[in-house]
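These notebook entries record what I looked up in one structure. I begin with a term that the later entries require.

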Amino acid sequence: QQATSQPLALGGMSGDSPAWSPTGEHLAYYGFTAGRPSGLFVVSIANGGEPRLITQKGFDNGSPAWTPDGRSLIYRSEGDLWIVSANPDATSHRLLEKASHPAVSPDGRLLAYASDRSGRWEVYLTTLPVPGRIWAVSTDGGQYPRWNPRGGELFFASGQRVEDDSNGYRDLSVVKVASGSQPSVNAPEKLFDAYALGFRSNSQGFRGYDIAPDGQRILLQTTGREGTPTITAIQNLSAWMARQH
């Protein structure tokens with residue numbers, strides 16, 4: 001059965017890089033239109049209403065990330081990660097330099113992100129609300145981290161970029177992360193060759209995949225026949241991963 005969709009009213013502006021709030025009642029996105037301020041907006045899905053401008057800082061590619069309490073957003077600007085309250089006209093504060101693609105753990109204690117400070121894009125972890133110690137996650141290239149909504153696992157696009165395809169990472173990998181006062185990070189495990197399924201990370205920096213709320217499915221944006229964008233679902237992750245050992 002083919003899904004149906006309809007555009008979300010954004011007050012006459014264009015929008016991209018959407019991110020759901022933890023409750024699903026609000027949507028954050030980057031909005032822009034001629035003759036009006038552009039920036040990070042939040043719109044209520046549950047109650048409707050006009051989009052609220054949160055901040056007008058210049059934005060780099062990649063979706064913003066909500067904190068689990070729904071009070072703050074982390075986004076990329078000028079090559080760094082910033083945090084801002086989800087209230088209008090709030091002041092942004094720089095969190096990390098030379099970082100991208102933020103993803104906050106379900107308990108709000110860890111921030112996953114990508115950085116090329118080593119000369120190659122890799123995935124890292126640090127603490128929240130104040131960044132402190134840094135843990136390396138990927139070991140052979142990585143970007144686009146995404147938490148299992150149930151916690152304990154961090155997914156990311158991994159491996160070297162595919163030759164002659166700057167948008168193609170070869171694999172999708174996962175690491176086990178035990179949170180706490182001293183988080184522990186296991187060695188990454190390759191899940192599957194995502195490139196062979198048609199997965200392409202977007203040239204503008206969008207991760208192109210997501211984890212379902214039950215933690216049992218990965219949804220991939222893939223390239224179907226004749227280059228048509230499609231959504232591919234990988235089902236029953238826990239059972240599939242158990243068979244790999």
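**Entry 1: aromatic pairs.** Before searching, I noted the rule: rings of Phe, Tyr and Trp, the last by its six-membered ring, pair if their centres lie within 6.5 Å, and planes under 30 degrees apart count as stacked. I also noted that the model is a predicted one. How many aromatic pairs does the structure hold? I found two. I examined one of them, formed by tyrosine 29 and phenylalanine 41: the ring centres are 5.8 Å apart and the planes stand at 15°, so I recorded the pair as stacked. The pair links distant parts of the chain, since the two residues are twelve positions apart, with tyrosine 29 in strand β2 (residues 26–32) and phenylalanine 41 in strand β3 (residues 39–44).

**Entry 2: the whole protein.** I looked up the overall content next. The protein has one helix and 20 strands. Of its 245 residues, 43% count as buried. I took the contacts between residues at least 6 apart in sequence and found that 35% of them join residues at least 24 apart.

**Entry 3: confidence.** The average pLDDT of the protein is 80, and 73% of the residues score at least 70. Which elements have the lowest and the highest mean pLDDT? Helix α1 (residues 237–242) has the lowest, at 54, and strand β5 (residues 65–66) has the highest, at 96.

**Entry 4: arginine 52.** I located arginine 52 in strand β4 (residues 52–55). Its relative accessibility is 30%, and I therefore listed arginine 52 as partly exposed. Setting aside neighbours within four places in sequence, I found arginine 52 in contact with several residues, among them His26, Leu40, Phe41 and Val42. Phe41 in that list is the residue whose ring stacks with tyrosine 29. Ala86, Asn87 and Pro88 are also contacts of arginine 52. I looked at alanine 86 in particular: its C-alpha atom is separated by 9.2 Å from that of arginine 52, although the two are 34 residues apart along the chain. The side chain of arginine 52 reaches the backbone oxygen of alanine 86 at 3.2 Å.

**Entry 5: a four-stranded sheet.** I followed an open sheet with the strand order β9-β10-β11-β12 and antiparallel pairing. Tyrosine 113 has tyrosine 124 in β11 as its bridge partner.

**Entry 6: strand β9.** Three bridges join β9 to β10, and the two strands run antiparallel. Alanine 103 has alanine 112 in β10 as its bridge partner. The hairpin of β9 and β10 has five residues between the strands, and there glycine 108 takes a positive phi near 75°. Strand β9 is mostly covered, with five of its five residues buried. Histidine 101 lies in β9, and at 10% relative accessibility it counts as buried. With which side chains does the side chain of histidine 101 make polar contacts? I recorded serine 100 at 3.2 Å and glutamine 143 at 3.2 Å.

Notes: Residues numbered from 1 in each chain as written. Heavy atoms only, no water. pLDDT = per-residue confidence, 0-100. Pairing = 2+ DSSP bridges. Phe/Tyr/Trp six-rings, centres within 6.5 Å; stacked < 30°, edge-to-face > 60°. Buried < 20%, exposed > 50% of the residue type's maximum accessible area, 1.4 Å probe, protein only. Contact = heavy atoms within 4.5 Å. Polar contact = N/O pair within 3.5 Å; in protein donor to acceptor, adjacent residues only side chain to side chain.
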